[in-house]
Amino acid sequence: MIVDTVKLGGLTVAATALVGYPVALVYLGAGPRWQRVILFVVILPLLTSVVVRTFAWIVILGREGVINQALLWLGLAPAPLRLLQTEHGLVMALTQIEMPLLLLPLLSVMSRMDPSLRDASAALGASKWRTLVRVTLPLSLPGLVAGCMLVFASSTTAFISQFVIGGNRLVYLPLLIWQQSLVVYNWPLASVAALTLLVSVGLGVTAIAAVGRRSRAYAV
Amino acid sequence: MRAKDLSYSIVIGLLAGLGFLILIGPVVIVLLTSFTQGRSIRFPPSGLSLQWYQLLFDSVRSSQIHRAALNSLEVAVVAMVGATVLATLASVALARRSGTWVRALDTFFMSPLILPMLAFGLAALMYFTFMGFRPSLALIAIGHVVVVAPLALRTTSASMSQLDPALLESSASLGASWLYTFRRVTLPVIAPGIAAGAFLAFVGSLDNVPISLFLAGPRSDMLPIRMWGMMESMLDVRVAAVSGVLIATVLVLMLVMERVVGLTRRLRD
């Protein structure tokens, strides 16, 4: 269960970074007007209740949900897929629920980045990929690391999302804490679970920070 | 354009497009679903109507939801005031100081952002129970203050760090007392930061699940907890209507705060 919880956090961080970082790149390349729009789009979901966002994913992932209807209509799947109560469905939902947490620190760092560095890289003949890997990524690493830490911490403890989308079949530490404390009133076990969660989140966050430091030294 | 650059534009463009779709799609879907004519939650909605909003605002048939919403509002206002006062005091104390203690305190104040709130919720429940308190809105508000104060502290101390110390010195050298300087110089300068922080604290408390989950009792039902209950039954389309109201409220508040204090930029920096 501990492994499952940490794995869920890791998968969510990976998925969020994969689609979140390009969003930040688009933000970096946009004019001031569009930057404001993008910022607004990022912050709006952050401020709408987690319960609302979780509810949205029930509508999207359900048997007659948006994804299944699209797949059936396109002929990509013969029958509705089971998405609710699966790990990948949950990771998909958490990606949206947690993405603003990744993007805010990232956009903060990116908006302070000197644009002439990227221009210089391009003028010296580097391709866009090379500029991304050698200039933009190393410079934005502190923001990316901070964002990943927040996403990890938040996704491993997102009780409502885990419970409503994951269902009873996927059991993570927060569910155990809730069951033991408020359903069967076994407070000692609930405390152990809570401490375990605290320690796993602490270790996970520390690990992400360590990877960040390592790769920064490597990049320079 | 070189082939490599083209592949960059395509890959990054597609991923970013997916990112934007994932970010904003669910909000739009919830809004559209809430106007459905049908009796079940599905998208696209079968015909448009306002029936679920009508049912939601029916004071008899939705009285439990109204009670929970009022409780949540009440707690959110108290938590907002508490968190804002604490954050302002903390940021004044911590501003322009350095040293091990200041850094440690800053980390301590910010820790609720990264530590599992669920663990704190459980701890608060046990603590209050051992102290002999019964579940009440006041306890929930106290719990909320702890977890939303860091949100308020972030924007407040950010604007505090932009306050020019020369202003404070000249005020003091002109004979103003500490309190007078705070009231006439510090406060007006950091007011936008405080306002943005208060807004975040309010929204954070309104949405809070992990603390309310443990501290809410049968007489102190909170809106997110009630919505969770309605979602578990899967039949109640009123969840969509409540979500619609919440989204609209946040959207309006956000636009107002953007106008007044430049909210989004403060959140980014």
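Let's start with α5(B). It has 14 residues and runs 20 Å from first C-alpha to last, close to the 20 Å expected at 1.5 Å a residue. That expected span is 1.5 Å times one less than the number of residues. Helices here are DSSP runs of H or I, at least four residues, numbered from the N terminus.

A word on the source. This is a predicted model: local features need pLDDT of at least 70, side-chain atom pairs count only at pLDDT 80 or more, and totals for chains, interfaces and linings use all residues. Residues are numbered from 1 along each chain as its sequence is written, with chains lettered from A and ligands numbered from 1 in the order in which they are written.

Back to α5(B). Its buried residues include B:Leu118, B:Phe120 and B:Leu122. Buried means 20 or more other C-beta atoms within 10 Å of the residue's own, C-beta atoms being placed from the backbone. Just after the helix, B:Gly132 has a positive phi of about 90°.

Next, the interface. 50 residues of chain B are in contact with 58 of chain A. On the chain B side, α1(B) gives the largest share, 17 residues. By class, that side has 39 nonpolar, 4 polar and 7 charged residues. Nonpolar covers Ala, Val, Leu, Ile, Met, Phe, Trp, Tyr, Cys and Pro; charged is Asp, Glu, Lys and Arg; the others, Gly among them, are polar.

How values were computed:
Two residues are in contact if their C-beta atoms, placed from the backbone, lie within 7 Å. Helices (H or I, at least four residues) and strands (E, at least two) are DSSP runs, numbered from the N terminus. A residue is buried if 20 or more other C-beta atoms lie within 10 Å of its own, exposed if 12 or fewer, and partly exposed in between; C-beta atoms are placed from the backbone.
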